[in-house]
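Good morning, colleagues. Please take a moment to look at the sequence and the model on the screen, and then I shall take you through some of its residues and elements.

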Amino acid sequence: MKKINPRTEDPDDLVYTARLPLSTSTLNYLADLIRGHLKKIGSRWRSLPAGRIAAVVLAVLRCDQRPGDLAGGNGIHRTTVARWVREVVGLLSARAPRLERALKKIARKGGGIVLLDGTLIRTRRRTGTDNRRNYSGKSKCHGLLVIALTDDRGRLLWVSAARPGRTSEITACRHGHLTAKLRAAGLGVIADLGFVGLDDGGSDADPAVITGYKAARNRPLTQGQKLSNTALAAVRAPVEHGFAQLKNWRVLGKVRTDPAWATALVRALLVLTNREVAR
């Protein structure tokens, strides 16, 4: 008598559930945004309801879940998940605060100082000469540079467009005419030593960018300058918390898609981060 072992379950049929470390208010906000968009474009049918679409997109953004894995667990195609992610990212990035509006909002609330810093978002290393400009000699990896402003509590106010990793932080700020817009809003900014020389105002103008003192080979820092650097470092520490909250979205661990899409992605995550922090 021949013994026949039972057939094991196909690996494609294995489905598991996981918990997203996000609030229900963020899920509801995103679902309402999707419903409004579907009503606007006249789309009467989708494979999943808006709430489940929002959950799928948040799983991709927060946990860097592969679209193919989510597609198999929800009975849809991988390209459908990728299309939903790009659609939702576009909707969120359109609601990201622009620089002038963010500065005017701080000025209306009576604030006088914002915090400035830059960070590198790592990208996949690609072949070809076009990707060489994405290599950062400072961080020794391929990535895209993003500049951000936060308030004195570390809450993100604005993020810049993503620029090639070899771009210096000062160059990125000058592309956006940051100092001129700060002066127009009557605000100052505190930054680290990487932004020394950014302020292009005259000697008679009040400094729009406040940085510490940088030592030279033949000119060591005095005790007063060292104390000033320590005080400024303590004041600008919250800006690191803002970047940490932004990078909690694991999709930024290493961007595998087109780097040109990174600007919309970062601005969309800024909107979601502010929703999570403000709850």
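Predicted model: local features only at pLDDT ≥ 70, side-chain atom pairs only at ≥ 80, totals over all residues.

Histidine 177 is exposed, at a relative accessible area of 52%. For this talk, buried means under 20% relative accessible area, exposed means over 50%, and partly exposed is in between, with a 1.4 Å probe and protein chains only. Histidine 177 sits in the loop between α6 (169–175) and α7. Helices here are DSSP runs of H or I with at least four residues, strands are runs of E with at least two, and both are numbered from the N terminus. Histidine 177 also has a positive phi of about 55°, although it is not a glycine. As background, most residues other than glycine have a negative phi.

Residues are numbered from 1 along each chain as its sequence is written, and side-chain values use heavy atoms, with hydrogens and water left out.

Let us stay with α6 for a moment. Histidine 175 has its place in this helix, and with 49% relative accessibility it counts as partly exposed. Between the C-alpha atoms of histidine 175 and asparagine 274, which are 99 residues apart along the chain, the separation is 25 Å.

Arginine 166 is exposed, with a relative accessible area of 62%. Not counting residues up to four places away in sequence, arginine 166 touches Arg133, Asn134, Tyr135 and Ser136; contact means heavy atoms within 4.5 Å. From arginine 166 to tryptophan 261 there are 95 residues in sequence and 18 Å in space, C-alpha to C-alpha.

Is aspartate 64 buried or exposed? At 16% relative accessibility, it counts as buried. Aspartate 64 lies in the loop between α2 (50–63) and α3 (67–74). Residues up to four places away in sequence aside, aspartate 64 touches Ala59, Arg250, Val251 and Arg256.

I turn now to helix α5. Which residues of α5 (residues 99–108) are buried? They are Leu99, Ala102, Leu103 and Ile106. Seen down the axis of α5, these buried residues fall within an arc of 95°, so they line one face of the helix; the arc is that of the directions from the helix axis to the C-beta atoms. In general, an α-helix has 3.6 residues a turn, so residues three or four places apart point the same way. The buried residues of α5 pack against β1 (113–122), β3 (141–150), β4 (156–159) and α7 (178–185). On the other side of α5, Arg101, Lys104 and Arg108 are exposed. Just after the helix, glycine 110 takes a positive phi of about 90°.

Next, threonine 273, in helix α10 (residues 262–278). Threonine 273 is buried, with a relative accessible area of 3%. Its side chain is joined to that of tryptophan 249 by a polar contact of 2.9 Å. A polar contact is a pair of N or O atoms within 3.5 Å; within protein, one must be able to donate a hydrogen and the other to accept it, and residues adjacent in sequence count only if both atoms are side-chain atoms. Leaving aside neighbours within four places in sequence, threonine 273 is in contact with Leu156, Gln245, Leu246 and Trp249.

Apart from neighbours within four places in sequence, its contacts are Leu193, Leu221, Gln225, Ser228 and Asn229. For serine 228, 15 residues away along the chain, the C-alpha atoms are separated by 7.9 Å.

Finally, the chain as a whole. It has 10 helices and 7 strands, and buried residues make up 41% of its 279 residues. Its C-alpha atoms fill a box of roughly 95 × 45 × 35 Å, taken along the principal axes. Among contacts between residues at least 6 apart in sequence, 65% join residues at least 24 apart.
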